[in-house]
Amino acid sequence: DWYAVEAIDAQTVAINEPHSSQYNTSYLIVGDTRALMFDAGSGERPPGSRSMRDVAGHYTDKPITLILSHFHYDHIYDAAAFDGVTLIDRPDIRADIQDGFYTIGPWESHATGWRPLKVAALIADGDVIDLGGRRLTIINLPGHTAESVVLFDRHRNQVFTGDFVYRHLGGIIAFASGSDLTAYKENSTRLLQLTHADTLFFGAHGIPRFGQDWLMLVDRELDKILKGTATYRYAAHYL
């Protein structure tokens, strides 16, 4: 139907939305005892089609933890279908949790207001999520948005990057509310230092899989932008 599902390996599933306006991809990451869903769909699926939660449930019978790569509208649509959401522990996020619920507003979603989401847990930058036989490090990398996170499976040498970096068009998206080019450059360098030439990266748009060479290109161009040496051209629309 709406989705195109790809097995990256026996415990990692890319759930693509090839007919969405920006070719979204969310990821189901499975361990021996638990599973993790990274993002919750673009919101463009036809009425009556399966939710991202329903699709994920088809590929695992383990309890699923939802983590959002960030709060833009095209990543959060089916978030309420999950049993709560795990959020990055930042002072700005913690301050806005009311009675165990977090509401993504129009400024954060870059679109419209959002219904309250039950907060299942808060997890700090650098903490490790144990799925049973599979451990993921969560890393808060502001730049695209302040709350942007990536997930790093060090054992499998896989990084799930959300919108912080993806192989699609220019690869740097920093025009929305919460974007910060200085932080973007600092954190692209941080991610380069944490990874290796043979690390596999999986982004949220466009070509799902790419290598560290693409991140190196993004980091290099961010440096040019900040130094004022980039070559600019105007476009009617970033797509």
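Reply: Let us begin with burial. Buried means under 20% relative accessible area, exposed over 50%, and partly exposed in between (1.4 Å probe, protein chains only). Asn 157, at 15% relative accessibility, therefore counts as buried. The model is a predicted one, in which local features need pLDDT of at least 70 and side-chain atom pairs count only at pLDDT 80 or more, while totals for chains, interfaces and linings use all residues. Residues are numbered from 1 along each chain as its sequence is written, and side-chain values use heavy atoms, with hydrogens and water left out.

Me: Where is Asn 157 found?

Reply: Helices (H or I, at least four residues) and strands (E, at least two) are DSSP runs, numbered from the N terminus. Asn 157 is found in the loop between strand 11 (149-153) and strand 12. Its phi is near 60°, a positive value in a residue other than glycine.

Me: What is phi of Tyr 23, and where does Tyr 23 lie?

Reply: Phi of Tyr 23 is near 50°, again a positive value in a residue other than glycine. Tyr 23 lies in the loop between strand 2 (12-17) and strand 3 (24-30). Tyr 23 counts as partly exposed because its relative accessibility is 29%.

Me: With which side chain does the side chain of Thr 199 make a polar contact?

Reply: A polar contact is a pair of N or O atoms within 3.5 Å; within protein, one must be able to donate a hydrogen and the other to accept it, and residues adjacent in sequence count only if both atoms are side-chain atoms. The side chain of Thr 199 makes such a contact with the side chain of Asn 157 (2.8 Å). A polar atom of the Thr 199 side chain also lies 2.8 Å from the backbone nitrogen of His 196. Thr 199 is placed in the loop between helix 4 and strand 13 (200-203), and it is buried, with a relative accessible area of 1%.

Me: Which residues does Thr 199 touch, not counting residues up to four places away in sequence?

Reply: Contact means heavy atoms within 4.5 Å. With residues up to four places away in sequence set aside, Thr 199 touches Asn 157, Val 159, Phe 210, Gly 211 and Gln 212.

Me: How do the axes of helix 4 and helix 5 cross?

Reply: Axes are lines fitted to C-alpha atoms, for helices over the stretch in contact, and angles run from 0 to 180 degrees between N-to-C directions. The axes of helix 4 (residues 181-194) and helix 5 come within 9 Å and cross at roughly 150°. On the helix 4 side, the residues making the contact include Tyr 184, Lys 185, Ser 188 and Leu 192; on the helix 5 side, they include Leu 215, Met 216 and Asp 219. By class, this contact has nine nonpolar, four polar and three charged residues. Here Ala, Val, Leu, Ile, Met, Phe, Trp, Tyr, Cys and Pro count as nonpolar, Asp, Glu, Lys and Arg as charged, and the others, Gly among them, as polar.

Me: Is Asp 219 buried or exposed, and which residues is it in contact with?

Reply: Asp 219 is in helix 5 (residues 212-227) and is buried, with a relative accessible area of 11%. Its side chain makes a polar contact with the side chain of Lys 185 (2.9 Å). Leaving aside neighbours within four places in sequence, Asp 219 is in contact with Lys 185, Ser 188, Thr 189 and Leu 192.

Me: How many aromatic pairs does a search of the whole structure find?

Reply: A pair of aromatic rings is described by the distance of the centres and the angle of the planes. Rings of Phe, Tyr and Trp (its six-membered ring) pair if their centres lie within 6.5 Å; planes under 30 degrees apart count as stacked, over 60 as edge-to-face and the rest as tilted. The search finds six aromatic pairs. The rings of Phe 71 and Tyr 102 have centres 5.4 Å apart and planes at 40°, so this pair is tilted. Both Phe 71 and Tyr 102 are buried.
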